[in-house]
Amino acid sequence: MAHHDSEMKEESLREDLKFYFMSPCEKYQARRQIPWKLGLQILKIVMVTIQLVRFGLSNQLVVAFKEDNTVAFKHLFLKGYSGTDEDDYSCSVYTQEDVYESIFFAINQYYHLKDIALGTLGYGENEDNRIGLKVCKQCYKKESMFPSNETLNIDNDIELDCVHLDLQALSKDPPDWKNSSFFRLEFYRLLQVEISFHLKGIDLQTIHSRELPDCYVFQNTVIFDNKAHSGKIKIYFDSDARIEECKDLNIFGSTQKNAQYVLAFDAFVIVICLASLILCTRSIFLALRLRKRFLNFFLEKYKRRVCDADRWEFINGWYVLVIISDLMTIVGSILKMEIKAKNLANYDLCSILLGTSTLFVWVGVIRYLGYFQAYNVLILTMQASLPKVLRFCACAGMIYLGYTFCGWIVLGPYHDKFENLNTVAECLFSLVNGDDMFATFAQIQQKSILVWLFSRLYLYSFISLFIYMILSLFIALITDSYDTIKKFQKNGFPETDLQEFLKECSSKEEYQKESSAFLSCICCRKRKRSDDHLILIN
């Protein structure tokens, strides 16, 4: 009797394992049950993609509005702005007269803003809850310098002096503020002049898309940088746009109604993702229970532990990917609803969550293609080559870092693409991909023959090493894994304990899996409803 119970227990475990590793189509053939969970995933893909496209179109309007206003501010407040930034700064001046004219020009333009600006702009309050301009200058406390005698006497402590110019002070005629001692700049000890002010605006273009408009606060800063004391003062303009809740919106028409439809759609997406999250979490939980049954049985019958590869077969990585995607979609959808309701304005975080979740959703489609042998090669090749590729990249990365540091310290003063570590890494990665090679060679300054010769040796050796050797070896690793997978698909994969256990079929009906190598035969029988708690459905 005990032997019969043991056989029944073994047969029940084997059938549960076979049913767990079936594809949805094979499970449909086994139970004649429509794979509605698969349908839920397909519906989620459609809904999440539609949600992302709608949010992307709305986000484009926000980005365009910010960028257009930044360009408009530069033309409004920077004297002689050409429309194109000079390197990382907007423009530059070279004489004292030009500095004074540029400072006074920005201040006068601020005062006459409503008469000259084309946008829907108004004055905003600064950090001190005051409307107006805040002008600050930084100077060394004491400095006396005689370049002809090569002498210098300096106190490197910095003085900060600020003045606030409100609209009343700017409206005086003649303008007394121009003649104040504050604007008598001592350029030999001047470090920086900063003009900061706040403006408010409303983005009306969203109304054409039947969305509620956003109210913006622009924190604008004009910086005259003289820290180098090189005879060239760089002028930087920075505009930080912050979306705030509009205090009073009275919009007539279909805009308000359309916003309610969008909120209802986002709520429906949250419900779908929540259902998917619950089902995938349940599947992982039942998979762990099934694995525990198999481990205990194997240890009891064969007196040895199951290998790690078989243990990981029960952890479906696709379920983990779906759970992460669902969580990100739910949080992103909640943020999107708050943004549409004008309670929040964190577009960046919402974009990251929705964009990444949609990426994971579409990557998950590969799971269903993997059930067919013709499409399963990519997944199996990636799984087989990933450990070797990671080890190879770790070794190649050390060489890459060495070239990065070397190029930065040697070529940085002579080449724009080697000024900092970030641009050096980007430049070298572009060279590995064959991009912009001639320009990189040609832009090196020939001020030093030694550095010029070193740059040729540096670039030729890097390109030869990474393109002809390291990149070729990298491709060879993946090609080798691909050839191995093709041989295994033709001659059969090496069998583990789990696969050998599943090959012992006691039923007459067998199912040959196309996408998985370790299910050579699958038994299928009609299951009872009482056994549903033992079955794990993909």
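Modeller: Gladly! Patches are made of residues with over 30% relative accessible area and no salt bridge, where like charges are joined within 9 Å and nonpolar side chains (Val, Leu, Ile, Met, Phe, Trp, Tyr) within 5 Å. Accessible areas come from the Shrake-Rupley method with a 1.4 Å probe, and for residues only the protein chains shown count as cover. A salt bridge puts a side-chain nitrogen of Lys or Arg within 4 Å of a carboxyl oxygen of Asp or Glu. This is a predicted model: local features need pLDDT of at least 70, side-chain atom pairs count only at pLDDT 80 or more, and totals for chains, interfaces and linings use all residues. Residues are numbered from 1 along each chain as its sequence is written, and side-chain values use heavy atoms, leaving out hydrogens and water.

Biologist: Which residues form a nonpolar patch on the surface?

Modeller: Met-398, Leu-401, Phe-405, Trp-408, Ile-409 and Leu-421 do, with about 590 Å² of accessible area together.

Biologist: Which helix gives the most to the patch?

Modeller: Helices (H or I, at least four residues) and strands (E, at least two) are DSSP runs, numbered from the N terminus. Helix α12 (residues 373-411) gives the most, with five residues, while Leu-421 lies in helix α13 (residues 421-432).

Biologist: Is Gln-192 buried or exposed?

Modeller: Buried means under 20% relative accessible area, exposed over 50%, and partly exposed in between (1.4 Å probe, protein chains only). Gln-192 counts as buried because its relative accessibility is 10%. Gln-192 sits in strand β5, and in β5 (residues 190-203) 11 of the 14 residues are buried.
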